[in-house]
Amino acid sequence: MSESYHHLDDYFVRYSKMVVRNLCLYVDYHTAQDLCQETFIRLSEHLDSIKPEKVKAWLLIVSEHLALDYLRKGGKYTTIVGLRVEREELFDLSTDTERLAEEREESRRKFKVLSRLKKEKRELYDALILRYVGRMSDKKISEEMGIKKSLVGKRRQRAREKLREWYKKEYPEEDK
């Protein structure tokens with residue numbers, strides 16, 4: 001096995017959970033798993049041209065683009081979980097189709113509100129994403145963003161409040 005494949009294995013072990021968490025912001029878990037694999041396949045194709053310190057950012061950007069592409073195309077495929085699936089179950093699409101359509105619509109709604117946060121309140125978005133997707137500590141986030149550590153939690157809290165406010169305003173029928 002060549003040295004680049006060892007690096008690919010190391011990157012997968014190190015970053016696969018982060019990539020899946022990033023993808024779960026847009027799609028369901030099983031689709032996120034598939035898109036994570038696609039992300040690392042693409043990394044293997046470009047491994048020689050990416051600087052090691054840029055791999056993490058590259059993975060986040062590519063995985064986000066794959067998720068957006070998946071949503072834009074309306075989900076080309078569905079993931080069937082389980083070892084044994086009867087052929088008849090594959091063709092019973094009435095409930096699966098409805099469930100998938102609802103999940104896809106919910107993902108689009110969440111993405112729309114999250115995109116608004118990214119566009120209008122970038123500092124709040126960054127604090128939220130660095131913590132929950134990047135799994136960074138408040139100390140590292142404060143260093144990265146150049147702010148006091150005490151402000152990091154406040155920004156995350158304000159981000160969650162804004163997301164809730166905008167979601168309720170945009171989709172009042174969902175408020176149960």
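Predicted model: local features only at pLDDT ≥ 70, side-chain atom pairs only at ≥ 80, totals over all residues.
**Entry 1: α2 and α3**

I looked up the pairing of helix α2 (residues 29–46) with helix α3 (residues 55–72). Their axes come within 9 Å and cross at roughly 130°. That angle makes α2 oblique to α3. I noted the handedness of this crossing as right-handed. I then listed the residues in contact: on the α2 side they are T31, L35, E38, T39, F40, R42, L43 and H46, and on the α3 side V55, W58, L59, V62, S63, L66, A67 and Y70. Sorted by class, this contact holds 10 nonpolar, four polar and two charged residues.

**Entry 2: S16**

I next turned to S16, which lies in helix α1 (residues 3–23). Is S16 buried or exposed? I recorded a relative accessible area of 13% for S16, and because the cut-off for buried is under 20%, S16 counts as buried. The side chain of S16 reaches the backbone oxygen of F12 at 2.9 Å. Leaving aside residues up to four places away in sequence, I found that S16 touches Y11, C36 and F40.

**Entry 3: α6 and α7**

I finally examined helix α6 (residues 122–132) against helix α7 (residues 138–145). The two axes come within 10 Å and cross at roughly 140°. The helices α6 and α7 are therefore oblique to each other. I logged the crossing of α6 and α7 as right-handed. In α6, E123, D126, A127, L130 and R131 meet D138, I141, E144 and M145 in α7. The residues of this contact comprise four nonpolar, no polar and five charged.

How values were computed:
Residues numbered from 1 in each chain as written. Heavy atoms only, no water. Axes fitted to C-alpha atoms, helices over the stretch in contact; angles between N-to-C directions. Helix = DSSP H or I, 4+ residues; strand = E, 2+ residues; numbered from the N terminus. Parallel < 35°, antiparallel > 145°, perpendicular 65-115°, else oblique. Left-handed = near helix turned anticlockwise from the far one by under 90°. Contact = heavy atoms within 4.5 Å. Nonpolar A, V, L, I, M, F, W, Y, C, P; charged D, E, K, R; others polar. Buried < 20%, exposed > 50% of the residue type's maximum accessible area, 1.4 Å probe, protein only. Polar contact = N/O pair within 3.5 Å; in protein donor to acceptor, adjacent residues only side chain to side chain.
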